[in-house]
Every structure is written in C-alpha cells, then in structure tokens.
Amino acid sequence: MKKDRQSIIKKIIKSNEIQTQEELQEYMKNAGFNITQATISRDIKELKIIKLPISPTKSIYAFNDKGHTNNSSFDIGVMLKSSVKSIDTAANLVVVKCYSGMANSACAIIDNLSNLQIVGTLAGDDTIFLATKSEETAHQIEDFLNDLI
C-alpha cells in the first residue's frame with residue numbers, strides 16, 4: 001500500500017500546485033487514500049519532495065525539472081550543503097558564497113530547480129549571483145535555499 005500511496009502522491013504533485021499537506025491529504029482522500037497528515041509528512045520526507053517559491057506569496061511542493069526525481073540519489077540539500085558557505089540578499093539579488101571552486105556546481109543545481117522565480121544566474125569561482133524580479137522574491141529564495149542546506 002505504501003508504494004501505491006507514494007506513487008499517487010507523485011502524480012498529484014506533478015499535476016497540481018499543492019501548497020499544503022492538508023491540500024495533498026484532500027487530494028489523496030479523493031483518490032481513495034484516507035491517510036493522516038503525519039503519514040503525508042513522512043511520505044514527503046521519504047520522497048524528498050521540496051517546497052519551491054513560485055511567486056512572492058506562494059510556494060508549492062515539487063520535484064526538480066531535469067529528469068531527477070527527488071527520491072533518486074540526486075540529493076539537492078546534500079549537494080548544496082557541501083558547496084555553500086552562506087546566503088544573503090542585496091536588493092533583488094541573492095548572493096551565495098561557496099567554497100573555492102564550488103560555485104559553478106552549486107549554480108547548476110540551483111538552475112535545475114523548477115519554479116524558482118530567478119531571472120538569471122551568474123557564477124564565479126566562489127560566488128553566485130541570483131537575479132530576481134523583486135526584493136521580496138529574493139528573500140523567499142534566500143529562505144528556501146537556507147532551508148535546503
């Protein structure tokens with residue numbers, strides 16, 4: 001049952017903009033799975049589903065968009081944690097300080113995340129600049145990346 005349940009969760013998240021665990025729980029109920037919020041929480045953690053900001057006021061559960069589902073060996077949080085020293089904002093820019101030589105790898109990971117409201121990225125040897133459309137979005141992305149690492 002767990003495998004079937006998690007398969008349905010994947011389908012729901014891929015085809016809907018799910019913002020909360022309660023909303024996912026309702027979709028699951030409609031699909032014939034009467035499960036608790038605690039079970040939803042465990043499944044999200046096991047599937048390594050992440051929350052991504054898609055607007056200044058909205059975040060959704062998602063997978064990255066380059067063919068890697070977050071239940072594969074590609075663990076975004078671990079990859080970023082091993083590369084990133086600090087994250088800060090300056091107006092509508094997110095400035096990511098990395099260990100020497102790691103900025104390009106970390107930037108590639110960030111570029112591969114879906115639904116982030118990033119206008120463009122620029123990576124050097126140890127620093128990444130993420131341009132956003134607003135200061136509020138920059139702060140949301142800073143918070144999101146800090147949560148990942």
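Mentor: Cys107 is buried, at a relative accessible area of 5%; buried here is under 20%, exposed is over 50%, and partly exposed is in between, using a 1.4 Å probe and protein chains only. Bear in mind that this is a predicted model, where local features need pLDDT of at least 70, side-chain atom pairs count only at pLDDT 80 or more, and totals for chains, interfaces and linings use all residues. Residues are numbered from 1 along each chain as its sequence is written, and side-chain values use heavy atoms, with hydrogens and water left out.

Cys98 is buried as well, with 2% relative accessibility. Cys107 is in no disulfide, and its nearest cysteine sulfur, on Cys98, sits 8.5 Å away. A disulfide needs two cysteine sulfur atoms within 2.5 Å, and by that rule the count is 0.

Now the charges. There are 2 salt bridges, meaning a side-chain nitrogen of Lys or Arg within 4 Å of a carboxyl oxygen of Asp or Glu. Glu46 pairs with Lys2, their closest N and O atoms 2.8 Å apart. Helices are DSSP runs of H or I, at least four residues, numbered from the N terminus. Glu46 is partly exposed at 41%, and Lys2 is partly exposed at 41% too.

The other bridge joins Arg5 and Asp43, with closest N and O atoms 2.5 Å apart. Arg5 is in helix H1 and Asp43 in helix H3, so this pair ties together parts 38 residues apart in sequence. Both Arg5 and Asp43 are buried.

Notes
Helices (H or I, at least four residues) and strands (E, at least two) are DSSP runs, numbered from the N terminus.
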